[in-house]
Amino acid sequence: MKILSAILTLAFLAGGLGFAADSSKIVADGSTTVGPIAKAFAEFYMKQNPGVNITVSESGSGNGAKSLVNKSCDVATMSRLLKLNEYEAAVHSEILPVVHVVALDGIAMIVHPSNPVAKLSMAQVKDIYLGKIRNWSQLGGPNAPIVIISRDTNSGTYETFEGKVMKGEKIAKNCEYVGSNGAIRQRVQSTTSALGYVGIGFLDSTVKALPIDNVIPSAETVKNGSYPIARPLYMVTNDYPKMGSHLYRYINLYLSKKGQTMIEEIGFIPVTSY
Amino acid sequence: MDLQARKLFDRSLTSISIMAVVLMSLALLVLLAPIFSRGLGAFFFRGTSEHRRLALEQFNRGNAQAVASEIRIVGAARRPVYEMLSAFEDELDGMDSTRRQGYRAQLKEIKSLLRELLGPLPGEMEAVMLRQQYGQTRWDRARVKLKAILYSEEWDYSDTRSMGKKVLRSRQKIFAGTRLDPMFPYMENNLSRMLRPRFTFYWRFLTDLSLDSHFFGGIWPEILGTIYLTLGAMLLAIPFGIIAAIYLSEFAAGGRLVSLLRVCISTLAGVPSIVFGLFGLAFFINTLHLSSSKSVLAGSATLALLILPTIIRASEEALKAVPHTYKEAALSLGASPLRMVLTVLLPAALPGILTGIIISMGRAAGETAPIIFTAAVSVGQPLKLWETISQPTPALPWNIYNLATEHQAVDEIRHVQFGMVLTLVLLVLLLNLAAILIRARISKKMRG
């Protein structure tokens with residue numbers, strides 16, 4: 001009995017202290033594409049403001065939206081806008097989603113570097129994912145079946161891809177769905193006949209990004225709109241954060257020079273007016 | 001059965017069991033050897049001058065003067081590289097445009113590789129991300145980068161019937177005759193003077209914070225998070241588990257309801273862990289609002305549910321194994337049933353109960369799925385004890401998965417991932433060892 005009451009007292013004490021310290025805690029949840037930006041900002045901010053704890057999880061844009069609606073995160077990092085039903089759910093639970101565009105991103109189509117195919121058109125990409133083009137030989141490559149890889153339906157990158165490339169048509173049944181940008185890249189690294197798509201910040205020398213309609217995915221082509229599969233990256237908060245609060249200063253890091261340099265160094269494109 | 005056949009049968013059984021043991025130990029070796037050999041690479045490696053500069057500037061560790069003089073020495077060794085680079089850039093301006101175009105892309109690649117190997121080039125604007133402020137801190141990674149500088153990786157697509165083949169093309173040949181030509185042999189021969197690799201025992205890998213999402217630094221938040229989650233789960237599961245076991249073995253009348261209850265507990269033990277994770281999210285966070293976000297508390301509660309069946313079943317068996325005479329003696333002396341349980345039954349069954357606890361502790365420490373939605377994050381500070389009520393934490397099993405699949409630069413930081421795996425294995429081993437020692441002491445005391 002004594003032990004139990006001691007534990008209970010301790011728990012209550014700890015609980016009280018925990019709630020008192022709540023204002024210095026920021027929880028970010030959502031997109032694996034925005035993850036690197038959110039993590040870099042978090043570490044930058046925590047270094048300047050010791051005592052603040054910013055946690056970042058990468059579980060997909062859909063989860064970010066759900067967490068925001070359930071009030072279990074302060075920032076939903078998302079690589080797509082909220083859907084209408086998510087807005088509806090948010091309004092029902094008295095949440096006012098405010099969207100901050102923190103960076104721009106292009107979705108690069110990637111293949112194994114050994115793949116001789118040098119470019120694709122939007123129509124070809126669509127046909128591949130529809131299952132109409134099934135072999136690389138139909139695109140001027142060797143005789144090898146195309147292994148198509150996509151993000152899971154929880155992903156904002158998937159939604160963007162579905163909207164901009166598939167235009168709402170259904171992806172073929174033999175497509176392989178994986179849970180993150182990194183996982184797609186690893187799948188393509190290890191499969192010579194694979195085709196996948198990742199955010200531009202996840203490109204490296206282990207995979208080959210193909211030009212789409214003769215436009216290579218790069219900071220310039222995304223920014224001037226010539227690269228066809230581009231999108232903004234978002235951080236979504238409940239209402240506009242209180243001015244001067246930690247959340248306000250964390251969210252607005254993307255407006256600062258250092259924040260924009262970080263976004264560039266990670267490989268994404270900062271939003272600027274110049 | 002005649003004697004001969006029996007003997008043969010006996011022998012074959014023996015040899016089969018010996019083979020099974022050998023196979024088991026081989027499997028264990030195949031599993032553990034890479035975990036140890038690669039995992040130790042996170043602690044023992046040849047650290048470069050960049051490692052020492054990082055330690056001084058980021059952790060305020062090491063001798064400032066020694067590091068400053070080392071920076072001067074490696075700076076002197078690096079200067080010829082930068083001089084050749086700028087001499088070539090001057091030369092490039094004088095070339096005709098077609099030749100210049102050919103060199104441009106190569107030069108850009110070399111410069112970015114040099115940045116990765118040695119840190120920012122002289123006169124460049126200060127970078128913000130740490131990964132851009134420092135060169136390679138590990139000699140093994142530095143060698144990889146050097147190879148990328150010396151040989152450009154190209155693909156030969158001439159055979160149209162199959163996939164291209166990788167061709168390594170010497171960059172020195174590409175730049176033959178230019179002022180950059182001598183840079184390649186210079187780099188190859190003088191890399192150790194430019195980075196001064198020295199044997200390093202980085203035990204602080206365990207106690208350092210991660211820098212720039214695990215590019216540098218250690219894994220302390222993950223270790224602490226794992227310890228919190230495991231201990232929290234034990235704290236919640238042990239009392240409930242033992243009380244349930246006492247009820248089941250001592251007080252429950254053997255009716256249909258009780259056997260149904262037993263079936264339910266056994267079924268609970270077979271539920272996949274991801275289901276527990278989703279249940280934890282739906283129940284503890286979204287319904288009970290145990291905490292406003294994911295938290296160590298919610299994660300511990302979910303893990304506690306996961307290990308509860310193991311603890312109940314093990315404890316129940318241990319309680320049943322206590323001889324009837326103990327109970328009868330206590331009751332005949334006039335002890336109430338509760339007193340009998342607390343003073344006679346439980347102490348006698350304690351070693352058996354502890355076995356169940358030990359098994360489930362290892363499980364709780366290593367589970368990933370239950371904490372994905374309830375407790376684990378990729379980046380966060382180490383928590384203070386009272387913060388565990390309301391805040392999520394990084395944890396070893398989840399971050400191993402995160403580094404292996406989701407991280408932006410998976411290949412650059414494999415050593416961190418291996419270090420985490422080794423630490424988790426050792427942590428579970430250590431927890432088990434402690435529990436085993438406690439159990440041994442208790443049973444020794446029990447015997448008298």
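**Exercise 1. Burial and ring geometry in chain A**

Determine whether A:Tyr158 is buried or exposed in this predicted model, and describe the aromatic pair that A:Tyr158 forms with A:Tyr177.

*Solution.* 
Step 1. The relative accessible area of A:Tyr158 is 10%. Buried means under 20%, so A:Tyr158 is buried.
Step 2. A:Tyr177 has a relative accessibility of 40% and therefore counts as partly exposed.
Step 3. A search of the whole structure gives 21 aromatic pairs over all chains. In the pair of A:Tyr158 and A:Tyr177, the ring centres are 6.5 Å apart and the planes make an angle of 65°. Since planes over 60 degrees apart count as edge-to-face, this is the class of the pair.
Step 4. The pair links distant parts of the chain: A:Tyr158 belongs to helix 6 (residues 156–166) of chain A and A:Tyr177 to strand 6 (residues 176–178) of chain A, 19 residues apart.

**Exercise 2. An aromatic pair in chain B**

Classify the pair of B:Phe44 and B:Phe199, and state where each residue lies.

*Solution.* 
Step 1. The centres are separated by 6.2 Å, with 20° between the planes. Planes under 30 degrees apart count as stacked, and the pair of B:Phe44 and B:Phe199 is accordingly stacked.
Step 2. B:Phe44 lies in strand 1 (residues 44–47) of chain B, and B:Phe199 in strand 4 (residues 198–201) of chain B; the two are 155 residues apart.
Step 3. B:Phe44 is partly exposed at 38% relative accessible area, whereas B:Phe199 is exposed at 61%.
Step 4. One aromatic cluster is made up of B:Phe43, B:Phe45, B:Tyr202 and B:Phe205. Over the ring of B:Phe45 sits the charged end of B:Arg138, 4.5 Å from the ring centre.

**Exercise 3. Salt bridges in chain B**

Describe the salt bridges B:Arg53 with B:Glu57, B:Arg131 with B:Asp212 and B:Glu154 with B:Arg169.

*Solution.* 
Step 1. In the salt bridge of B:Arg53 and B:Glu57, the closest N and O atoms are 3.7 Å apart. Both residues lie in helix 2 (residues 49–59) of chain B, four residues apart, which is about one turn of the helix. B:Arg53 is buried at 16% relative accessible area, while B:Glu57 is partly exposed at 44%.
Step 2. For B:Arg131 and B:Asp212, the closest N and O atoms are 3.1 Å apart. This pair links distant parts of the chain, with B:Arg131 in helix 5 (residues 130–133) of chain B and B:Asp212 in the loop between strand 5 (210–211) and strand 6 (216–217) of chain B. B:Arg131 is buried at 17%, and B:Asp212 is buried at 6%.
Step 3. For B:Glu154 and B:Arg169, the corresponding distance is 3.0 Å.

**Exercise 4. The interface**

How many residues of chain A are in contact with chain B, and which helix of chain A gives the largest share of that side?

*Solution.* 
Step 1. Contact joins 55 residues of chain A to 45 residues of chain B.
Step 2. The two chains bury about 4000 Å² between them, 54% of it on carbon and sulfur atoms. In chain A, the residues that lose the most area to chain B are A:Lys25, A:Glu43 and A:Glu265.
Step 3. Across this interface the rule finds zero salt bridges, but 24 residue pairs in polar contact.
Step 4. Helix 2 of chain A gives the largest share of the side that touches chain B, seven residues.

Conventions
Residues numbered from 1 in each chain as written. Chains lettered and ligands numbered in written order. Predicted model: local features only at pLDDT ≥ 70, side-chain atom pairs only at ≥ 80, totals over all residues. Heavy atoms only, no water. Phe/Tyr/Trp six-rings, centres within 6.5 Å; stacked < 30°, edge-to-face > 60°. Buried < 20%, exposed > 50% of the residue type's maximum accessible area, 1.4 Å probe, protein only. Lys NZ or Arg CZ within 6 Å of the ring centre and 35° of its normal. Contact = heavy atoms within 4.5 Å. Buried area = accessible area lost by both parts, 1.4 Å probe. Salt bridge = Lys/Arg side-chain N within 4 Å of Asp/Glu carboxyl O. Polar contact = N/O pair within 3.5 Å; in protein donor to acceptor, adjacent residues only side chain to side chain.
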